[in-house]
Amino acid sequence: MRIVVGIIVVVIALSSGGVFFITRYLQTPEFKERVLSEARETAGTEVEVAELDISIWRGIALEGVMIADPSGLSNEFLTADRLILRHRLLPLLRRQVQIDRLALDTPVVTLVQAQDGGWNFEQFLSPPEESGAESAAEPEERSGGEGSFDVILSEFSIRDADISMLNHQGGVMTQLHDLDLVSSISFLEERLDAVGNLSVGTVNLGNSLVVSSLRAPVRISPEEFRLSPVSGELAGGEFSGDIVLNTAPEFRYLMDIELTGADVKALLQEARVESEINGKLQASLRVEGGGGLSSMVGQGQASVVGGRVSQLPAQQLVASILKVPSLQEIDFEDCVVEFSLADNILETTAIRLLSPLVQVTGRGSVSLEYNTLDHDMMLA
């Protein structure tokens, strides 16, 4: 947003030379390079634009936008086919940037977490460093001083975006494909606030879960990014809940999710789990963390109704030892698992499986780091 404001200020500052000469100058390579130089200084990283068209009356159109990753964790932080801005001039006299429309087409954003837990986007959230007496000034004094502008953006839209969150090894934490966002944004007294509506074609969570047709109202502030309530589809079932990403005082995320009617077999296939279990899943999950799987803590419950479990390794072993072949394939009425998550360990605090032939109860733990399990079970 500071880059956009800087471009508009440069355009208006040149107006003293006359509209005719300004119009000609705005189309010159010298002006394009000056704008890019200001953008690079503001962003603190390399900024490239293939085509730049600026008009005092029409606004700004950028083609082929690229912002490099300032942290060096990836090559490019953002690329976009097109950025369109339509503004009003008169509010600038009141030290207010009023934008009717800002559209970003087909952006690709890569968010990468460093080994120390930091993120490559944090530099863009930090205010520019100041020195001397100015750095000691209160925020109220700076916001009302020279060079400060309030920004009102009536319509901000993103079309066909792809966003990836990667860990320091390049592994996928989250990927969003075919993202569309329409919102309004205000930047008053150096505070960002936005409200709008979001839709995402697919959300890939760690290459283990894929949510499709996600829809949610969205609210953005300097402290958080909130989707509430959110809805979508997962393995043929209905997905709903709340998702919150906190950016201050530190990056954290919270997911509070309900799932109804999901197909268990399809869900396990998406998670690349080779288990022969089917049925309809009802589940609730609350998870929060600040990075990858090792940082997650949470708890939840899952219930599979009217399903079948067959040919599991432990199941085959028990059936063989007890000389009861019917245990190799069990049609059950209800299967319930209660669990908690912390330190890469999934604690299954309660397991219950009820069927006409057999009842199974137990508890134990699963190491998500080493893919091992340790359970005590009772068979009746």
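Predicted model: local features only at pLDDT ≥ 70, side-chain atom pairs only at ≥ 80, totals over all residues.
Local features need pLDDT of at least 70 and side-chain atom pairs pLDDT 80 or more, whereas totals for chains, interfaces and linings use all residues. Residues are numbered from 1 along each chain as its sequence is written, and side-chain values use heavy atoms, without hydrogens and water.

Strands are DSSP runs of E, at least two residues long, and helices are runs of H or I, at least four, both numbered from the N terminus.

Ile-321 lies in helix H7. This residue counts as exposed because its relative accessibility is 61%; exposed means over 50%, buried under 20% and partly exposed in between (1.4 Å probe, protein chains only).

The model has 14 salt bridges, each a side-chain nitrogen of Lys or Arg within 4 Å of a carboxyl oxygen of Asp or Glu. Arg-82 pairs with Asp-105, with the closest N and O atoms 3.1 Å apart. Arg-82 is in strand S3 and Asp-105 in strand S4 (residues 96-105), so the bridge ties together parts 23 residues apart in sequence. Asp-105 is buried, at 13% relative accessibility. Arg-82 is partly exposed, at 30%. Arg-82 also forms a salt bridge with Glu-63, again with closest N and O atoms 3.1 Å apart.
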